[in-house]
Amino acid sequence: MLERWKIPLLLSPALLLIAGLFLGGLFLGLIGSLGYMPLLGREELNLDAYRNILFSTGFYQSFLLTFYISLMSTIIASALAIGAALILRRHFIGRSVINFLFQLNLTVPHLVGAVGILYLFSQSGFFARLAFEFRLISGPSDFPAMIYDPLAIGIILQYVWKEVPFIGMILLANMQTFGHDYEAVSRTLGANRWQSFRFVLLPLLSPGLLAAALIVFAFTFGAYEIPALLGQSYPAALPVLAYQSFTDVDLNARPEALAMAMIIALLSAVMIFGYARLARRYMRS
Amino acid sequence: MYLISKICSELTSIWRTRHELLTRITPKVRCFKIKEPENMSRYPSFKNSIWRRLSFLVVIFTLVYFPLSAQATEKVGYENWDEVVATAKGGTVNWFMWGGADNINQYVTDYIGKELQKRHDISLNRIGINDTAEAVNIVLGEKQAGIDDNGSVDLIWINGGNFRTMKQGNLLFCGYHGLLPNNQFVNWQDPSIANDFGLSVDECEVPWNRAQFAFAYDSARTQSPPKSIPQLIGWVKENPGAFTYPAATDFNGSVFIRHVFYHAAGGPEALLGDFDQDKFDAVAPKAWAILNEMKPYLWREGTTYPNAIASLAQLFANREVALYFDYDPAIFGINVENGIFPETTRSYGLDDGTIGNTNYVAIPYNSPNKAAAMVAANFILSAAAQYEKAKPDVWGAAPAIDVGRLTKEEKSRFTELPRHPAVIDPAALSQKSLPELHPDWISAIEKGWQENVAK
Amino acid sequence: MLMQTNRHTENSRDGLSGPVWFSLILLVSWLVLPLIPLAIWSVSRSWYFPDIIPSAFSLRAWNYVFSNTSDVLPALGVTTLIALCATLLSVIIGLPAGRALGLYQFRGKALVELLILAPTIVPGIAVALGLHVVFLSLGLAGSYLGVLIVHLIPTLPYMVLVMAGVFANYNPDTEAQARSLGASAIQTFFYVTLPAILPGLLIGSLFTFLVSWSQYILTLLIGGGRVVTLPLLLFNFASAGRNDITGAISMIYILPGVVLLLLGARHLTGRSRAVESLRQI
């Protein structure tokens, strides 16, 4: 009898909290985005907010920009993290120091990194001054624009900076669990380094890599403070646009903000779904 | 049997852990609450019930939980000032204001906060925000949620569009000027004080500072800066990349665009009063044409605009652009003192005049500490507080009170104040002062700029 | 958290070649680089284009940061307390759930896992905008408790997932053995269960602490400016262009994380099982 209740008892506090806060928040956001604002005397549901944002070019530009930022950051960070993990799993002198430095910025908040990137890469930042010192440019405007720029280079640089150690740590942990045996076998069977990486290590790594990449993608898609600090005024990243609409003094903009939040959530839901499917396929094989 | 005992032990062990940890965090939660006394008084039913809080945490939405807003509403009508002061004693004022200037923060916390504590036993809680609209939004949200007498904002540094939103939404506490003794120093006959951006103040806010738009340049770098809007247009073309202005979403960017708008309209006279779509449609295309003509000669060819005035300050400090402007000329001196601007920074007004405004403090309708907020508002109008604020090494902000109404000694203290070399003489600046537009005009201009110039 | 593998590998013989060393140094310096201008700015008075080094130094930013006006030290306390409380609550609530997920198979497990995974992927802003009105009417908006609760949305799932990973490698029979030898439930927990799960618990706690520690938007939305944490102050000054004060706050803001990493590194060196739980995140 107790056995039956044990698992629910163990799970219920966490599930209640997550269901209450997370699902509750999503649900409230959803009905809010449908125009349900009882305190303003609006109780009927409609799709006006979605219609408004889906018919505005500003929304699409923001969406595409955010998608592009997330995609670029995830791809670049993943590639660098694979390289870093391949080096860091080897034994060499000074490894623990390098390891510590590698992990250091896992603990550094995003906001700090963003400000650091701003001071390094703006047109009058540290690198621009170096370029000026060496007569490579004649003034700030000659330095390529990387902050507040349409290509969002500064934002991507910040995400890559922050996420390389994150993905790298996950890959390292993965590599540790399956050791070097498979690769060693493939090498004795005549595979070269690249082949053993491409056909042995990478497939082994891919579930962990995918999970990490999905987390990074979803995180960068919903992050506010980095694009708010480093992004250009127009178009703004989607979370920035949502927050601006939410804090607009015109309360009619709130359903639109919530609709954008729902679109962000929907995209993440697609990510989770994809992850779950991939994970299941991995479990089977 | 074995199974059952195992499960029991499992459960107890988990329960014990939980109990253990709960008792361990209890003192932490308690010191939490002590740090925030005004919160405590606001939710009296929770004062001594740490356990209830914790149990609430576990069940969040399932627990019945609503005795929070049960508190006696504060009396709104006061007979006289003594009654206000008596009620205010021991109160707290949550003052929401832009928090990005350390000297202003210091003036408010160190001077006003300490004086209020000393004179009236009021604790001032300065809450720094990035944008005044955030505070307006909090009050709006509270109204939406039905929190009508227990809001979290007691005082806001405000003017213009935010004031309009609050006034039109009935979000302000009004009609208390007669109570404030220091109201006598305010010249309410002056239309630029009696109207906040063309909207009548109607005893809904108290003036704090006066400001007038001015330009700044580095005299070591730029010899002859443009002294009028037509000159500026020519100057921008001759000096590509050396000028830009913040986007219309920024307060200062918006006022720069209005100067161009006035120029396009041949002066502000035609635009004063309520918003008129026909007049707007007649002037707007000209203004957008001027701004679009400037665009390729702006910083980064006008492909983007700084998000905020602080970004323009950084561009000026780093010599990326040659001109800076601000609605509050005192900022030029402060930036020089803070090492942001070069020592050779100088400022000037325009020959065709620059726009001036008054900024105010307002009390939201749902503030639970209205008496204390009124005492604070009265204190900032005092000669002492306005004088402290006018000192160039404190802030250098122009007084909102009519100095002529002070005693002779007080008046001479104001006139003898030194002026920072980077800051233009306010008297000279105010010779050519232009009025602000009605907030509806400003919204239309900002929106039009986004659609016709920014894209 | 530190990767100090005990497993011997055949690669251990070969050192790193020159280009590999070069790219490694490049990568690591790139990771540390953004922190350097912040440190320099915190002691600068004036440092503008084209100066490579500041033209004037001053401790003014630090004076301001440590003054009573700046609220930096109270904010440091508030940030730390919220992060500690969020971590503790996550442990209390997440440990049992992690045990259930790690040790047992049951119907609907996939669904439960999905529900717990979801908040780590769906951005907080999407949830917090909807919660805002409810928190307002419960009186939780603008309160420390409200911010603490909303921080649990991102922190709790991390803890559950890490603990599930830990318990998946845990043998509960040892507990039964201890019990049959006469140990009480408390003794069993502290002498058997806790030592076995401690490395994972510490990792989970470190992550949870850092997730709460770096929250900006959830604190801003639910705290409404009245719950002042370090990121809020940092954003305030960063967006106002006060680089010196921004630099000084940044230094204070990264300090606890570095200290925790150092402490955590000592504790966790050589325990590869703890590392495996990282895979769960």
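Predicted model: local features only at pLDDT ≥ 70, side-chain atom pairs only at ≥ 80, totals over all residues.
Local features require pLDDT of at least 70 and side-chain atom pairs count only at pLDDT 80 or more, whereas totals for chains, interfaces and linings use all residues. Residues are numbered from 1 along each chain as its sequence is written, chains are lettered from A and ligands numbered from 1 in the order in which they are written, and side-chain values use heavy atoms, with hydrogens and water left out.

Chain A contains 12 helices and zero strands, whereas 13 helices and two strands are assigned to chain C. Helices (H or I, at least four residues) and strands (E, at least two) are DSSP runs, numbered from the N terminus. Of the 285 residues in chain A, 59% are buried; in chain C, 66% of the 281 residues are buried. Buried denotes under 20% relative accessible area, with exposed over 50% and partly exposed in between (1.4 Å probe, protein chains only).

The accessible surface of chain A is about 11900 Å², with 68% belonging to carbon and sulfur atoms. For chain C the corresponding values are about 9600 Å² and 64%. These areas come from the Shrake-Rupley method with a 1.4 Å probe; for residues, only the protein chains shown count as cover. Among contacts (heavy atoms within 4.5 Å) between residues at least 6 apart in sequence, those joining residues at least 24 apart account for 70% in chain A and 73% in chain C.

Within chain C, the axes of helix α5 (residues 109-121) and helix α7 (residues 144-168) come within 8 Å and cross at roughly 130°. Axes are lines fitted to C-alpha atoms, for helices over the stretch in contact, and angles run from 0 to 180 degrees between N-to-C directions. α5(C) and α7(C) are therefore oblique to each other, since angles under 35 degrees count as roughly parallel, over 145 as roughly antiparallel, 65 to 115 as roughly perpendicular and the rest as oblique. The contact involves Ile116(C), Leu117(C), Pro119(C) and Thr120(C) of α5(C), together with Ile153(C), Pro157(C), Tyr158(C), Val160(C) and Leu161(C) of α7(C). These residues comprise eight nonpolar, one polar and no charged (Ala, Val, Leu, Ile, Met, Phe, Trp, Tyr, Cys and Pro count as nonpolar, Asp, Glu, Lys and Arg as charged, and the others, Gly among them, as polar).

Between the chains, helix α5 (residues 110-121) of chain A and helix α11 (residues 230-239) of chain C have axes that come within 10 Å and cross at roughly 20°; α5(A) and α11(C) are therefore roughly parallel. Leu111(A), Val112(A) and Val115(A) meet Pro231(C), Leu234(C), Phe235(C) and Ala238(C), a set of seven nonpolar, no polar and no charged residues.
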